[in-house]
Amino acid sequence: MTFLLSIGTRKGLFLARSDDRVSWTIEGPHFLAQEIASVAIDTRRSPARLLVGVQNMHFGPTVAWSDDLGATWTEPEHGAITFPDDTEAALARVWQLHPDTPERPDVVWAGCEPTSLWRSDDGGDTFELVRGLWDHPHRKDWAPGFGGAAVHTVLPHPSTDEVLVAMSTGGVYSSPDGATDWAPRNKGISAYFFPDPYPEFGQCVHKVVADAAGPDTLYAQNHGGVYRSDDRGLQWTSIADGLPSDFGFIALASPHTPGTAWVMPLEADAARVPPGGHLRLYRTRDGGRTWQENSSGLPDGVWTVALRDAACVDTAESTGVYFGTRDGTVFASADEGETFVTVAEHLPDVLSVRAALLP
Amino acid sequence: MTEPPGGSPGASGPGAVVVRLPGPLRDLVGGRRELSVSPAPATVDALLDTLSVEHPVLVRRIRDETGTVRQFVNIYVGDDDIRHGEGLATPLAPGTVVHFLPSVAGG
């Protein structure tokens, strides 16, 4: 078995491999000088399919995929994601590529800028715009955050057709069939940048993940606020007590152990750096009631951050935890975040990482 | 039809428009530096439509799905940037050389 870590950076894709998650070999860059804002490793297929959201700063964005671990790449002639004519919109960036459950083996979701959700039924070769969200009456009030206006999180329910998305800004929305009737699910999440700090929608939710206990239990790292929901987002409750700050970008959850999740607090909205220059991940084992600082293998004197998709977990029995920073350093933990090793240094800004265990 | 200069008789020559490509786009057309389009399309827009039949990926690199030339791509007809003239409606004549060029941008 080999662990594969796909590292999307501002100037290309790097692939790291390891048998023990301690010693790593790095290969790349693929797509030299092109931004890789999103990566996915679709292990429902054999061989696994790599998907990347590529952005050539001159020649535009697209999605490409590889069924031979990056030896060759395929891009559909007419583009994987292209807005229909009547929308008068153009794809700006692919923020998220998310393979659905094994029960829907050909379905892959994409979250994009401008704010939109796309569904592929052919493994990520071509995508169709989810009209119900695009035509939502709230759209005119969704605004771009500093990074752009995008759907950046897609969480399909594992046993129903419901799909939950998060966007910056706009917040969390859910649809019972992943297509129509999208309803906001932001109750309890703060939006301090509005006169009404608890609006129905408009929040800048940075990342949402599902707990191992099941799809109803969610964690959200908000633009100011860390929250938990036990009813699939109908109501959110703060779990930020015990953290040095409630601002951050990433949220991770164990795929196996209920109540286990990780966040990376940053100093504040106006100071997006590790508190005191100490790069740390914080882990909860009890669903957010208490938090433990993990520092082993993580440096001090660090004034860079991990962006929302530059962090992931793997599915090994002892969950691997990974993240990369804007100064091009990638860290890996084989023991659920207790200790970290450095996978790579001096890469371009890390934008996206995903890990998988391959046969 | 599009052919490399010196390709099929009649495809290039005085009646054709020659398209010159920058290095990053040549892999999309088999490594060619130039394409010749004959008969000459009436405008730059028509040229892109013609090219998109055989080279859809190339044309998607030049203009997005709304038909707008990408922000950091420049198209020159002869020595003139079409953004300073008639844009995609810029007329072409037989023998015209069209350059697709990345602008001074990046990071």
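**Close-up views of a two-chain model**

**View 1. Chain B contains three helices and six strands.** In this predicted model, the elements of chain B follow one another along the sequence in the pattern β-β-α-β-α-α-β-β-β. Chain B has 107 residues, of which 29% are buried.

**View 2. Helix 2 of chain B, spanning residues 44-54, has its buried residues at Val44(B), Leu47(B), Leu48(B), Thr50(B) and Leu51(B).** Because these residues cover an arc of only 160° around the axis, they are placed on the same side of helix 2 of chain B.

**View 3. Chain B and chain A meet through 15 residues of chain B and 12 residues of chain A.** On the side of chain B that touches chain A, helix 3 of chain B (residues 56-62) provides the largest share, which amounts to four residues. Sorted by class, this side of chain B is made up of seven nonpolar, five charged and three polar residues.

**View 4. Two cis peptide bonds of chain A are shown here, one between Ser46(A) and Pro47(A) and one between Ser168(A) and Thr169(A).** Most peptide bonds are trans, and most residues other than glycine have a negative phi. For the bond that joins Ser46(A) to Pro47(A), omega is about 0°, and Pro47(A) belongs to the loop that runs between strand 4 (35-42) and strand 5 (49-56) of chain A. For the bond that joins Ser168(A) to Thr169(A), omega is about -15°, and Thr169(A) is placed in the loop between strand 12 (163-168) and strand 13 (171-175) of chain A.

**View 5. Phe31(A) and Leu69(A) each have a positive phi without being glycine.** Phe31(A), with a phi of about 55°, sits in the loop between strand 3 (25-30) and strand 4 of chain A. Because there are 20 C-beta neighbours inside 10 Å, Phe31(A) counts as buried. Leu69(A), whose phi is near 55°, is found in the loop between strand 6 (60-66) and strand 7 (93-99) of chain A. Leu69(A) has 18 other C-beta atoms within 10 Å and is therefore partly exposed.

**View 6. Leu279(A) is a buried residue in the loop between strand 20 (261-263) and strand 21 (281-284) of chain A.** Within 10 Å of Leu279(A) there are 24 other C-beta atoms. When residues up to four places away in sequence are not counted, Leu279(A) touches Pro274(A), Leu298(A), Pro299(A) and Val302(A). Leu279(A) and Trp303(A), which are 24 residues apart in sequence, are separated by 8.1 Å from C-alpha to C-alpha.

**View 7. The largest nonpolar core has 107 residues, and those touching the most other members are Leu5(A), Ile7(A), Ala110(A), Leu252(A), Tyr322(A) and Val353(A).** Once its neighbours within four places in sequence are left aside, Ile7(A) is in contact with Leu13(A), Phe14(A), Ala16(A), Gly324(A), Val330(A), Ala344(A), Leu347(A), Val350(A) and Val353(A). In soluble globular proteins, nonpolar side chains tend to be buried together.

Conventions. Residues numbered from 1 in each chain as written. Chains lettered and ligands numbered in written order. Predicted model: local features only at pLDDT ≥ 70, side-chain atom pairs only at ≥ 80, totals over all residues. Contact = placed C-beta atoms within 7 Å. Helix = DSSP H or I, 4+ residues; strand = E, 2+ residues; numbered from the N terminus. Nonpolar A, V, L, I, M, F, W, Y, C, P; charged D, E, K, R; others polar. Buried ≥ 20, exposed ≤ 12 C-beta atoms within 10 Å, placed from the backbone. Arc of directions from axis to C-beta. Core = buried A, V, L, I, M, F, W, Y, C linked by C-beta atoms within 7 Å.
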